[in-house]
Amino acid sequence: MRVVAFESRQAEPMAALIRRRGGEPLIAPSMREVPLCEHAAVFAFGQKLFAGEIDLLICMTGVGTRILIDALSSRYPAEKVLSALGNVAVVARGPKPVKVLKEKRVPITLVVPEPNTWVEIVQALDLSERGIQLEGKAVALQEYGVSNQRLISALRKRGAEVHPVPVYRWALPEDVGPLTRAIEEIAAGRTDVTLWTNAAQVRHVLQVAAEKGLEAPLRRALERGVIASIGPTTTEALQGASLSVDFEPSHPKMGILVGEALARAEDLLREKRATWHLKGLLGSAPFGGSGGQAPSGGEGLRRDSLFLKACRREPTEATPVWLMRQAGRYLPEYRKLRARVPFLTLCKDPERAAEITLMAVDALRPDAAILFSDLLLVAEPMGLGLEYGGENGPVVAGSLTDLEAVDRLGEIRPRDNLAFVFEAVRRVRRRLDPRLPLIGFCGAPFTLASYLIEGGASRSFLHTKRLMAADTGAWDALMEKLTRGLIEYLNGQIEAGADAVQVFDTWVGCLSPADYRERVLPHTRRLIEGIAPGVPVIHFGTGNTAFLKEFRQAGGDVIGVDFRVELDAAWKAIGHDVGIQGNLDPAALCGPVPFWKERTRRILEQAGSRPGHIFNLGHGVLPMTPPEAARALIEEVHEVSRRLKSV
Ligand code: CP3
């Protein structure tokens with residue numbers, strides 16, 4: 001857990017407490033006490049007061065009233081201060097200023113009753129028996145925190161000349177660098193818990209965030225993490241700033257706050273992120289719409305991510321890992337949503353598609369996000385029916401048996417027909433951690449052709465193979481039509497913000513090496529050659545161990561291999577001048593933890609210290625996979641690979 005605290009004088013003990021509870025502390029001092037001599041606004045008020053230019057003083061808070069009188073008395077004789085205050089009408093807002101004024105022996109003209117909001121203050125003045133006339137009067141308004149504009153304008157409307165006297169006990173630290181960096185970390189979604197121990201921290205953090213243009217992403221990210229408050233006053237300040245508090249300790253003590261908050265954090269995070277995404281998906285998220293602006297400069301940050309470095313076969317300190325189908329049915333929050341909304345509706349709604357993409361990232365913490373979508377979406381633009389939800393998987397309606405049928409198929413024209421996918425990419429990019437790459441994808445021409453021809457999943461792929469063998473013209477026309485559209489489709493995703501793309505040739509393993517080489521490879525190669533240069537391409541297939549070399553010849557910076565082959569043997573087959581992705585059997589994650597850990601270590605050892613390995617499953621996550629196992633796998637890959645690479 002990465003835990004942020006805003007302690008200043010208590011920075012060291014706070015860091016130690018967090019570490020002792022197993023957290024990784026990020027301490028960002030957010031305040032410094034303002035010495036009395038620094039209260040310039042108070043001294044300016046004093047000048048006017050002594051010159052007889054003030055008629056009325058409104059004391060808004062106890063703390064502020066005390067600082068005001070103490071600051072004046074630190075520079076001028078206390079007698080002079082008291083007698084000057086005795087010459088003006090003093091209005092106390094509620095019991096706290098009353099207490100201080102009595103203690104300092106300043107006569108009080110009027111006490112504003114509870115709940116003493118600006119309305120009561122104005123009403124009390126209007127109705128006062130001593131007839132406090134505001135017309136033409138100079139009114140000093142002691143402020144603490146933000147100015148109350150409604151009060152100021154109500155006073156002005158009554159003819160008063162208002163002089164705000166801002167008083168702060170706490171100011172920002174001299175150096176706001178550490179605080180700014182902490183805000184950037186939070187805003188980028190790289191922290192889990194924030195600990196708040198007083199109200200001024202809330203004001204200061206939001207103030208600095210606003211100055212850096214990070215308030216919206218900060219708020220969004222805070223809401224996604226655990227917000228822990230030490231007690232009621234701090235909670236009130238957080239709530240007053242529209243931040244909802246997730247946790248308060250049993251006693252308002254720092255040690256208890258850290259201990260109890262960290263003990264609960266994991267559960268709170270899980271619940272919170274799940275409901276947060278659901279709320280967003282069901283249309284009532286607090287920050288719905290297109291969400292906050294992501295911090296700028298993301299592309300530079302991403303270039304050096306584990307994932308993109310591995311795509312370029314540069315050394316990394318740990319092996320990057322993501323999971324095919326990481327956004328899917330094994331996630332309980334996804335299933336909950338799917339109980340209400342059909343799959344295709346989700347795919348076509350950019351907001352929901354973006355939200356599910358991010359949901360998976362939050363649930364797993366992988367090194368890359370993959371867009372939530374499906375490779376079969378190209379069927380509808382081509383004029384074919386598409387249905388999900390049946391027992392045998394997706395169904396594509398239409399029968400392609402000859403050239404005429406192929407000619408009748410429409411062009412995909414993604415910019416017209418699949419614009420919702422590009423919009424989803426843009427929305428993910430705006431909200432995703434700027435350091436995390438986003439993977440776009442499409443089906444390879446062969447796998448898509450097989451779906452279009454068979455109408456769905458198939459065992460023998462008989463119709464596909466028949467067309468391929470019997471009518472080369474029709475076959476090539478179909479493959480070319482698909483390839484044309486797919487090039488535009490992937491480049492559109494890249495333009496919208498995808499940092500890498502994966503081409504899924506899921507069913508390629510049903511082919512003989514000769515058929516692959518002659519009838520499929522040239523088309524896939526043309527697709528991959530058509531992708532914008534400089535953007536890494538992962539070329540994934542299953543069941544193709546026998547012709548991995550040819551598969552690689554079709555292109556790709558990284559070859560995705562399934563689990564039916566040893567990773568080192570596969571890498572040797574494709575050549576070490578290309579990256580490799582894979583290849584734990586997804587079923588392993590449904591088995592005992594020591595089993596999949598052993599298999600994971602084995603794969604990492606097979607990759608050795610060679611750069612260019614991206615860890616993944618050998619095929620998509622299975623729906624029955626425990627989400628904890630998927631998350632634990634990601635952590636395990638990071639930990640074990642870091643250790644292996646450091647020796
Ligand atoms: O990887 C991700 O998390 C991103 C989203 C993604 C989906 N499908 C979502 C999906 C990706 C990259 C795909 C690719 C895809 N789609 C492939 C290639 C990858 C692979 O697993 O081989 C294939 C063959 C398809 C076609 C497809 N779509 C099938 C066979 C099915 C049904 C069975 C299944 O795997 O779920 C789908 C539906 C589908 N695609 C779902 C999801 C989350 C489940 C739909 C539901 O919620 O009911």
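Which backbone oxygen does the side chain of Asn583 reach at 3.0 Å? The side chain of Asn583 reaches that of Asp562.

The structure is a predicted model, in which local features need pLDDT of at least 70 and side-chain atom pairs count only at pLDDT 80 or more, while totals for chains, interfaces and linings use all residues. Residues are numbered from 1 along each chain as its sequence is written, and side-chain values use heavy atoms, with hydrogens and water left out.

**Confidence**

The chain has a mean pLDDT of 92, and 96% of its residues reach 70 or more; pLDDT is the predictor's confidence in each residue, from 0 to 100. Over residues 283–297 the pLDDT is below 50, and this stretch has 26 contacts in the model beyond near neighbours in sequence. A contact requires heavy atoms within 4.5 Å. Where pLDDT is low, predicted coordinates should not be read in detail.

Asn583 belongs to strand β19 (residues 579–584); strands (E, at least two residues) are DSSP runs numbered from the N terminus. With a relative accessible area of 5%, Asn583 is buried, a term for values under 20% with a 1.4 Å probe and protein chains only.

Phe441 lies in strand β15 (residues 438–443). Phe441 counts as buried because its relative accessibility is 8%. Leaving aside neighbours within four places in sequence, its contacts include Ile370, Leu375, Tyr489 and Phe504. Phe441 and Ala500 are 59 residues apart in sequence, with their C-alpha atoms 8.4 Å apart in space.

**The ligand site**

There are 23 residues around the ligand, of which Arg325, Arg329, Tyr334, Arg338 and His619 come nearest; a residue is near when one of its heavy atoms lies within 4 Å. By class, this shell has 14 nonpolar, five polar and four charged residues. Ala, Val, Leu, Ile, Met, Phe, Trp, Tyr, Cys and Pro count as nonpolar, Asp, Glu, Lys and Arg as charged, and the others, Gly among them, as polar.

| Residue | Protein atom | Distance |
|---|---|---|
| Ala327 | polar backbone atom | 2.8 Å |
| Arg329 | side-chain N or O atom | 2.6 Å |
| Arg338 | side-chain N or O atom | 2.6 Å |

Taken alone, the ligand exposes 850 Å², of which the protein buries 88%; accessible areas come from the Shrake-Rupley method with a 1.4 Å probe.

Technical notes: Polar contact = N/O pair within 3.5 Å; in protein donor to acceptor, adjacent residues only side chain to side chain. Helix = DSSP H or I, 4+ residues; strand = E, 2+ residues; numbered from the N terminus. Buried < 20%, exposed > 50% of the residue type's maximum accessible area, 1.4 Å probe, protein only.
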